[in-house]
Amino acid sequence: MTAKHHQTGRGRFHMEYRGATAQPRACAVTVLRDPVERFMSEFAFARGHEGFLMTQDQWDFADEDLPWLKQVQKMPNDTAALLEYLRSPRNPTRNRQALYLLGFDRVNCDRQCCGLCSRTHPGHPAHAYDWDKDHDVLLARAKEHLLGLRAFGVLDCYVDSVKVIAGELGWEPEEAADMAGKIHRRKQDKRRLLAGLLSTSVSRVSAAS
């Protein structure tokens, strides 16, 4: 659709607010996801056969935190790995969608992939904000940024969301929605993951929490 309307699509990788809106004529949109589903999806990805890709700059793990990430990926117990992934301050996954809407300094440019790193002011994304101390202020700012985008959608209503986004970008809404309904999207076997988490009574309590 971008090619048809002589636009340049830049959203192939995980972009944050400042990078997405920095271009003079930038027209930024985003799609939000249920935050628990978002977290579980990333955890499943980290523990899956493509988990090695999380060393790419677009996943925002600082250099000093990569050994921790590899340790979590290799933990034999799914429940222990999930709780470590959930609780560690080394993990930029905590409130990742709010983190991206707020904007932050990307990691240093010393790794593979996506050109989303920082050559001048590298940051430590997991430590960019104090979520406990500044929760209300950060949430309000993230919402303000969200409403300042050209449009946004919700993954649970993906096709309808694409219609709304298409209308704001000058695309044909029905054509875009039809295309969105046909595009294959990544699927993860969360049933297997949850089955492992629910294998013991202790795990059932942890997973329910």
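The legends below describe several close-up views of a predicted model.

Residues are numbered from 1 along each chain as its sequence is written, and side-chain values use heavy atoms, with hydrogens and water left out. Because the model is predicted, local features need pLDDT of at least 70 and side-chain atom pairs count only at pLDDT 80 or more, whereas totals for chains, interfaces and linings use all residues.

View 1. Helix α3 spans residues 66-74; helices (H or I, at least four residues) and strands (E, at least two) are DSSP runs, numbered from the N terminus. Leu 66, Trp 68, Leu 69 and Val 72 of this helix are buried, where buried means under 20% relative accessible area, exposed over 50% and partly exposed in between (1.4 Å probe, protein chains only). Seen down the axis of α3, the buried residues fall within an arc of 155°, so they line one face of the helix; the arc is that of the directions from the helix axis to the C-beta atoms. On the face turned away from the buried side, α3 carries the exposed residues Pro 67, Gln 71 and Lys 74. The cover over the buried residues of α3 includes α2 (35-47) and α4 (78-87).

**View 2. The packing of α3 against α4.** The axes of α3 and α4 come within 8 Å and cross at roughly 155°, the axes being lines fitted to C-alpha atoms, for helices over the stretch in contact, with angles running from 0 to 180 degrees between N-to-C directions. That crossing makes α3 roughly antiparallel to α4 (angles under 35 degrees count as roughly parallel, over 145 as roughly antiparallel, 65 to 115 as roughly perpendicular and the rest as oblique). Trp 68, Leu 69 and Val 72 in α3 meet Ala 81, Glu 84 and Tyr 85 in α4, contact meaning heavy atoms within 4.5 Å. By class, the contact of α3 with α4 has five nonpolar, no polar and one charged residues; Ala, Val, Leu, Ile, Met, Phe, Trp, Tyr, Cys and Pro count as nonpolar, Asp, Glu, Lys and Arg as charged, and the others, Gly among them, as polar.

View 3. Strand β1 (residues 29-32) pairs with β2 in the parallel sense over four bridges, two strands being paired if DSSP finds at least two bridges between them. Val 154 in β2 is the bridge partner of Leu 32. Thr 30 is found in β1 and, at 24% relative accessibility, counts as partly exposed. Leaving aside neighbours within four places in sequence, Thr 30 is in contact with residues including Ala 151, Phe 152 and Gly 153.

**View 4. Two residues with positive phi.** Most residues other than glycine have a negative phi. Asp 60, although not a glycine, has a positive phi of about 70°; Asp 60 is found in the loop between α2 and α3 and is buried, with a relative accessible area of 0%. Asn 95, also not a glycine, has a positive phi of about 55°; Asn 95 lies in the loop between α4 and α5 (96-102) and is partly exposed, with a relative accessible area of 37%.
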